[in-house]
Amino acid sequence: MKKVAIIAYEGCWAMSVFLAKDFFRVVELLDQHYQLPNSYKVEILTHDGKPITSSSHVLIQPDNKLSKQDYDLVVLPPIEIAKLAHMPPEAQAIVEWLKPRLKTKTAILSLSTGSYFLAASKMMNSVLLATHWSFVRKMEQYFPECLFTAHKSYLRTGNLYTTGSFEA
């Protein structure tokens, strides 16, 4: 069974947290329908295991806290761009938690401005990161050593996936 961590933090977009969680619930239902063993164990994590408030003021109750446990996939939801100038205190803890995973084969999916955490790790300076088209310049201001693009779907570099804008 593969383990998935969805990282929730103050000011993240709840819709992305729950979109990822619901996607894997559909997979679980399909596994049950086809009488297959569950493929994924999915957890919403916060830095300390306590609930957080999303950008839209929705309370997100985590399943667990950041720990040394290994995951096969880590999902980084986006943050409201206005909050980038005042990242929540737990942002640095999330960055530090990500660093060893960036050195392994852990797949990491960064949704739009979730690329903040990758750039803040100082380990992605030569990697092109996708983000929302309207935030490329702002992200470049915060992280001038990083490369950002407004790719419409996603970019893949090894086990790192970053998304831009989903457009028709």
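Good morning. Helices, of type H or I and at least four residues long, and strands, of type E and at least two residues long, are DSSP runs numbered from the N terminus. With those names in hand, I shall present a predicted model.

Let me begin with the sheet. How many strands form the open sheet, and in what order do they stand? There are 7 strands, in the order β5-β2-β1-β6-β7-β11-β10, and their pairing is mixed. At the edges stand β5, residues 64–65, and β10, residues 154–157, each of which pairs on one side only. Against this sheet packs helix α2, which touches β1, β2, β6 and β7. The direction of α2 makes about 145° with that of β6. A further helix, α1, spans residues 14–33 and lies across β1, β2 and β6.

Please look next at strand β6, residues 73–76. On one side, β6 is joined by 3 bridges to strand β1, residues 2–7, and the two run parallel. Within that pairing, I6 has V75 of β6 as its bridge partner. Strand β6 also pairs with strand β7, residues 107–110, again in the parallel sense, over 4 bridges. Here V74 stands opposite I108 of β7, and V75 stands opposite L109 of β7. Which way do the side chains of β6 point? L73 and V75 point one way, V74 and L76 point the other way, and all of them are buried.

E43 sits in strand β2, which covers residues 40–46. Is E43 buried or exposed? Its relative accessible area is 7%, and the cut-off for buried is under 20%, so E43 counts as buried. The side chain of E43 makes two polar contacts that I wish to show: one with the side chain of K41, at 3.3 Å, and one with the side chain of N64, at 3.4 Å. Setting aside neighbours within four places in sequence, E43 is in contact with V4, A5, I6, D63, N64, Q69 and Y71.

We now leave the strands for the loops. T131 lies in the loop between β8 and α4. With a relative accessible area of 0%, T131 is buried. The side chain of T131 reaches the backbone oxygen of S112 at 3.2 Å.

How accessible is H132? It is partly exposed, at a relative accessible area of 23%. The side chain of H132 makes a polar contact with the side chain of S134, at 2.9 Å. Not counting residues up to four places away in sequence, H132 touches S112, G164 and S165. H132 and I81 are 51 residues apart along the chain, yet 9.8 Å separates their C-alpha atoms.

Most residues other than glycine have a negative phi. In S112, which is not a glycine, phi is positive, near 50°. S112 is placed in the loop between β7 and α3, the latter being residues 115–120, and counts as buried at 11% relative accessibility.

Another residue of this kind is H57. Although H57 is not a glycine, its phi is positive, about 70°. H57 is found in the loop between β3 (52–53) and β4 (59–60). Its relative accessible area is 67%, over the 50% that marks a residue as exposed, and therefore H57 is exposed.

Finally, the cysteines. C12 is buried, with a relative accessible area of 0%, and C146 is likewise counted as buried, at 4%. How many disulfides does the structure hold? It holds 0.

Thank you for your attention.

Definitions and conventions:
Residues numbered from 1 in each chain as written. Predicted model: local features only at pLDDT ≥ 70, side-chain atom pairs only at ≥ 80, totals over all residues. Heavy atoms only, no water. Disulfide = S-S within 2.5 Å. Buried < 20%, exposed > 50% of the residue type's maximum accessible area, 1.4 Å probe, protein only. Contact = heavy atoms within 4.5 Å. Polar contact = N/O pair within 3.5 Å; in protein donor to acceptor, adjacent residues only side chain to side chain. Pairing = 2+ DSSP bridges. Axes fitted to C-alpha atoms, helices over the stretch in contact; angles between N-to-C directions.
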